[in-house]
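Please keep the sequence and the three-dimensional view at hand while reading.

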Amino acid sequence: MSDSKHALILLAAEGAEEMEVIITGDVLERGGIRVTYAGLTGAEPVKCARGARIVPNDSLENVKDKKFDIVILPGGQPGSNTLAENEEVGKILKKQAESGGYIGAICAAPIALLSHGIKTDVLTSHPSVKDKLVKGGYKYSEDRVVVSDKVITSRGPGTAFEFALKIVEILEGAEKSNSLIEPMVLKM
């Protein structure tokens, strides 16, 4: 296992899907990947899609020039739209793609890939944004988790564990990813 893997989870000021944020971050940490939760508008609490509040441990402003092994966009509304519309998020995603780093997007968040011009051969998303992505030129898959080039996409809250385990597998290896299933009492 590498000592230096680091993930960035970007949080809009309102409307992130809490399950996708917490499950993904928790599984990555269990897999030995350090996680930074960065708020687009600072480190103030983020009101999530279902009313929970998550406190980022950093701000987008502080992390925008740092290097991460993966940048992750959680879904939820209006959070996904905010990520898709935010110019700084676009710069981070483009820099990540140009440097050969991974990008992860779950639920409705792949619309940010479309709006910021992130190319990939195939992706998946929440069914609510499928048509928008297909019209945008992406080949679409109904698979629960899709890995295409350096882009990892997934369908929604119910696929968050699979999404996170796939990220651990890619960054730390299948053995590490598989070792997390039994202690979390997951049925895969």
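Leaving aside its neighbours within four places in sequence, with which residues is V27 in contact? Contact here means heavy atoms within 4.5 Å, and the residues that V27 meets in this way are F161, A164, L165, V168, L180 and M184. The model is a predicted one, in which local features need pLDDT of at least 70 and side-chain atom pairs count only at pLDDT 80 or more, whereas totals for chains, interfaces and linings use all residues. Residues are numbered from 1 along each chain as its sequence is written, and side-chain values use heavy atoms, with hydrogens and water left out.

V27 also belongs to the largest nonpolar core, which has 30 residues. A nonpolar core is a set of buried Ala, Val, Leu, Ile, Met, Phe, Trp, Tyr and Cys residues joined through side-chain atoms within 4.5 Å; buried means under 20% relative accessible area, exposed over 50%, and partly exposed in between, with a 1.4 Å probe and protein chains only. The members that touch the most others are L11, V27, L28, I70, I72 and I167. Two or more residues come from each of β1, α1 (18–30), β2 (34–39), β6, β7 (102–106), α7 (160–172) and α8. These labels follow DSSP runs numbered from the N terminus, with helices (H or I) of at least four residues and strands (E) of at least two. With 7 residues, α7 gives the most to this core. Another core, of 28 residues, lies apart from it and includes V63, V71, A105 and Y140.

The strands may be considered next. An open sheet of 7 strands has the order β5-β2-β1-β6-β7-β11-β10, and its pairing is mixed. Two strands pair if DSSP finds at least two bridges between them. Because β5 and β10 each have a single partner strand, they stand at the edges, and one side of each is left without a neighbour in the sheet. Within the sheet, β6 and β7 run parallel and are joined by 4 bridges. I72 has G104 in β7 as its bridge partner.

D58 is buried, at a relative accessible area of 17%. Beyond residues up to four places away in sequence, D58 touches T36, Y37, A38, G39, G42, A43, V63 and K66. The side chains of D58 and N62 are joined by a polar contact of 2.9 Å, that is, a pair of N or O atoms within 3.5 Å; within protein, one must be able to donate a hydrogen and the other to accept it, and residues adjacent in sequence count only if both atoms are side-chain atoms.

K5 is buried yet has no salt bridge, the nearest side chain of opposite charge being D69, 4.5 Å away. A salt bridge requires a side-chain nitrogen of Lys or Arg within 4 Å of a carboxyl oxygen of Asp or Glu; Lys and Arg count as positive and Asp and Glu as negative, while His and the chain ends are not counted.

Some backbone features remain. Most residues other than glycine have a negative phi, and most peptide bonds are trans. D149, although not a glycine, has a positive phi of about 55 degrees; D149 is found in the loop between β10 (145–148) and β11 (151–154). The peptide bond from Q77 to P78 is cis, with omega near 5 degrees, and P78 lies in the loop between β6 (70–73) and α3 (79–85).
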